Protein chains: 4
Amino acid sequence: MDDSDYYPGVLDAVMEQVRSHIGEGRVADYIPELADVDPDEFGFSIATVDGGMYSTGDQARTRFSMQSITKVFTLALVMRGHAGSDVWKRVHREPSGNAFNSLHQLEFENGVPRNPMINPGALIVTDQLLSDTGDAVGELRKLLCEETGDPDLHTDNLVAESESRSGDRNRALAYLMASFGNIRNPVPEVLDHYFRQCSITVSCEELARAGLFLARRGRRADGSELLSVSDTRRILAVMLTCGTYDAAGEFAYRVGIPCKSGVGGGILAVVPGRCTVAAWGPGLDAKGNSVTAALALEAFTDVTGCSVF
Amino acid sequence: MDDSDYYPGVLDAVMEQVRSHIGEGRVADYIPELADVDPDEFGFSIATVDGGMYSTGDQARTRFSMQSITKVFTLALVMRGHAGSDVWKRVHREPSGNAFNSLHQLEFENGVPRNPMINPGALIVTDQLLSDTGDAVGELRKLLCEETGDPDLHTDNLVAESESRSGDRNRALAYLMASFGNIRNPVPEVLDHYFRQCSITVSCEELARAGLFLARRGRRADGSELLSVSDTRRILAVMLTCGTYDAAGEFAYRVGIPCKSGVGGGILAVVPGRCTVAAWGPGLDAKGNSVTAALALEAFTDVTGCSVF
Amino acid sequence: MDDSDYYPGVLDAVMEQVRSHIGEGRVADYIPELADVDPDEFGFSIATVDGGMYSTGDQARTRFSMQSITKVFTLALVMRGHAGSDVWKRVHREPSGNAFNSLHQLEFENGVPRNPMINPGALIVTDQLLSDTGDAVGELRKLLCEETGDPDLHTDNLVAESESRSGDRNRALAYLMASFGNIRNPVPEVLDHYFRQCSITVSCEELARAGLFLARRGRRADGSELLSVSDTRRILAVMLTCGTYDAAGEFAYRVGIPCKSGVGGGILAVVPGRCTVAAWGPGLDAKGNSVTAALALEAFTDVTGCSVF
Amino acid sequence: MDDSDYYPGVLDAVMEQVRSHIGEGRVADYIPELADVDPDEFGFSIATVDGGMYSTGDQARTRFSMQSITKVFTLALVMRGHAGSDVWKRVHREPSGNAFNSLHQLEFENGVPRNPMINPGALIVTDQLLSDTGDAVGELRKLLCEETGDPDLHTDNLVAESESRSGDRNRALAYLMASFGNIRNPVPEVLDHYFRQCSITVSCEELARAGLFLARRGRRADGSELLSVSDTRRILAVMLTCGTYDAAGEFAYRVGIPCKSGVGGGILAVVPGRCTVAAWGPGLDAKGNSVTAALALEAFTDVTGCSVF
């Protein structure tokens, strides 16, 4: 059986599981642009390493706010070449056991964040990318455009402005790290890039395609190497252990493949060597992960048996 | 190439990496029986799902104290049948972001431990196993004897007495959980079983064989089912995200397969569907994991490419 | 105007303030003996350094459970002679900023409690008193009997047994300190003395009389010295900064004299050089202090102007 | 014996105690202007409510950086009139049990600081004073000038600029509170006023005179009321329980009168109804309080017996 027979059946099984839950959860409401998203939207796309794209849900081509999913891509960008080794002196790679925007662990651990998938760690990565390239959000946008083949992917400026307006918690995190000497660029500049990164919008199909380098052991769409095989594995390890806020253990247990979620309701998942999966539903559970996207991924690994365990 | 050609080469590559590090790290010294172990000992065994056993190191058949590695086996025992569902109301399955014997997270989270791989979580599991069977340490010993085929595996009573004498931290954890109503049997009885479980001794070969049900998707040595396929996956997910104290992220990143370590210096690792690996070296790093066993496992996944990522 | 004219007017003013609040608050309910106390009871007594006793409220001679108020007396007993110097190596004298039975600060601060007015600090004091005298509860009872002139003051054994039955949190605290080497006697023995100390019952009149040595700069009822002038001042400083759980700042602000409260609903207060005040009402506020006793003390310092500030 | 005979003897006794310790401790070194202060400087002044001024030490008229001592004065300014009631909804008045610039308690307690004597609490007070008056630092300067009779007291601009440059921790605290909605003015403006307040310089004689309203039950130098008697008492209660960072218990125990210290090495103390004392020595102990100023105050209360206890 080839993929073009196989995946449509998987998609049906996923929709079967998800359908009755569409609309569940609570849409993020800290900024109006997210609060206004229709809670009934849902999209789901599988992109295979050999070029297949299989989608279901009415909104697989509707764009949503990437938010924390960008953390995987900016991490990949700072790990290119030898830069990667440096960033690990500034951020650990252990699960945090705390909410994504918690300060107290950061305080006890002298301004070195637990991992690059929580906000303070991602701020370190953005700061590093800014030092490495001079334009963090620009580099991210370039990568996303090149991998998807869509030159039009961009920051939603209204979202970015709202993020900035409601961003005092992230400012507190950044200044706390700065007080420990762990931020190198001016804090307002780092935050500006961070907020604009988070506000890039993509569809499920675009997101699945953009992340394929993680399933291809580090190879980009054009065949060139973005990351070495072992660095790619390491990013997947960080995703699995830290990628879904304080529910990483639960996702490993229920879904069993590396995932990264965002409060926009999207989740990117990777089956190493095989495919990526992007799911989107705006309603979030108590830990900030999309209810329907999580259910869809759980159904996906149940049906395909592709848990890494 | 069949396994009998393949694994000897793997063992050579592992020893190549480890040899110059033997004796590194700091032997656990909180009880005399552990402090007196020769820091230069090292053993390494691979047990394959089709019955192969490949060992290296001079002490692959020397017994050592299982300590926290027992946490995987007692968890498996309480997950048999329907009992499993109940235990997850009493212990979460998230990484802790803290040391294995930390109290403060337990206090903030109302006596419900973060996961069954840290001490308080394992005390819950022992308490549950005691309620389920009436003899927690007996059930564990029975499982280990049956899976290894060695009826002689047993608790080292001197170690168990020393554990009890130095066990005030574990008493504090247990009474704290009891104060939240999350311990059902008398605390001294739970601790007695817990200390005797931790004090069971095994060799690398025995440990690798005992853990094979995890590589066999839940099937025991005699072919019967100990755990369902999905429950087996879930234990492996808990091991990967929580099995090596506050270094789970580091192990996922460097080793990339589910592991469970103990302060006796042993580590059990699982390659799902294929084999288990047991490594032992008494010298520990700052986070309580064996230096040489960790290096050996890292070399093993490098050589075999069997990271789950 | 002499005291016999003055204090009756003070008592009237106090009752005026308190009357409409009698019955407010929530009676401690963690053990049946406390839960069963009539919430409408109230007593208030002033004992002056020159022998006067002025009481109001219907229950000024009704006995209630001393609970944490005993912490002041056991501290005084370990500070007699040169023993005092030693205890300050085992317990600090800073406010805790946490609930009376919190563990996490104790964990971060290596088993040395913040002050002797919270449970772990009082356990240290009991342990020290046990080492110093061989009978901690006996020494406390002896002091109370001698100061009040009533040889009959004693532990309520039903309360002590209930305290022990519900005492797992205190066991956790004691074993945590023991794990840091900061408990010298067997933990069960220390707890037994601690629970029996807390369960001694006194009336307001007895309590006010028993505490007079604190108002007399360390002199006992028979004129002998229990504490030096400076050690007496130090106990009063500890009471003011730490004596009312996590409301010490609020008490200093509202009442303005050194106080020690207990969950039995009693509060002992001291006006240095002048008098002691004992107030009792079983209904507690959210921080564990008696609602009516606190109001009575606030009225007392308002009327008399005897705030230390 | 009148004051003009009495206080010179007190000063001699104080110098006797302090002399051999001059130069001890560690000068604050987070900004160059403080790091460059001569560690051997020392000044000590007593200002009595009836106009006396008694000084010792070679530097009683040398100006130093007020730093956190300003927290008492800004608190008094927001408590004038009815404004005071409002500020207590935004800041508690309990000891913190933590360092002066700690974030984690602030995080757990939803952005409401423990008390106005630690940095986050003082930022709230500055924010309130800014809302009340439009010019927080101007109001403070005006009060200090009027109470001392010296129109020239002012901010050291070099210090203020250095404070701002090294002020990331305070920025983190302010933005964290802003994220909970507990800062009303723009954070940069609040910080600007805060840094300029802290950078005002005074001598011991000026500081003692400026604080006399606290010893005069709220009356200013010109006889008008700054604070009511009860609000004055309340500020003294807050000073005693919270005024010396995480050493408030120690100061209450050793010194026994309300004190407020600053990292510039100054301490202001108040004997209610009688006098104020200002001491200055730049060398700090591990908790951030001046070694010689603390010793001088301890000697002062020993000699005069004016502990509040």
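Trainee: Which residue of chain B forms a salt bridge with A:Arg93?

Mentor: In this predicted model, the partner of A:Arg93 is B:Glu250, with the closest N and O atoms 3.0 Å apart. A salt bridge here is a side-chain nitrogen of Lys or Arg within 4 Å of a carboxyl oxygen of Asp or Glu.

Trainee: How many salt bridges are there between chain B and chain A?

Mentor: The count is four.

Trainee: And which helices of chain B supply at least two residues each to the side that touches chain A?

Mentor: They are helix H13 (229-242) and helix H14 (248-254), helices being DSSP runs of H or I with at least four residues, numbered from the N terminus. H13(B) gives the largest share, seven residues.

Trainee: How many residues are in contact?

Mentor: Contact joins 31 residues of chain B to 31 residues of chain A, where contact means heavy atoms within 4.5 Å.

Trainee: What area do chain B and chain A bury between them?

Mentor: They bury about 2,700 Å², 55% of it on carbon and sulfur atoms. Buried area is the accessible area (1.4 Å probe) that two parts lose on being put together, summed over both.

Trainee: Changing topic, what rotation superposes chain A on chain D?

Mentor: A rotation of 180° with 0.0 Å of shift along its axis does so, with an RMSD of 0.0 Å. The two copies are thus related as by a two-fold rotation axis. Superposition is by least squares on C-alpha atoms of residues with pLDDT of at least 70 in both.

Definitions and conventions: Residues numbered from 1 in each chain as written. Chains lettered and ligands numbered in written order. Predicted model: local features only at pLDDT ≥ 70, side-chain atom pairs only at ≥ 80, totals over all residues. Heavy atoms only, no water.
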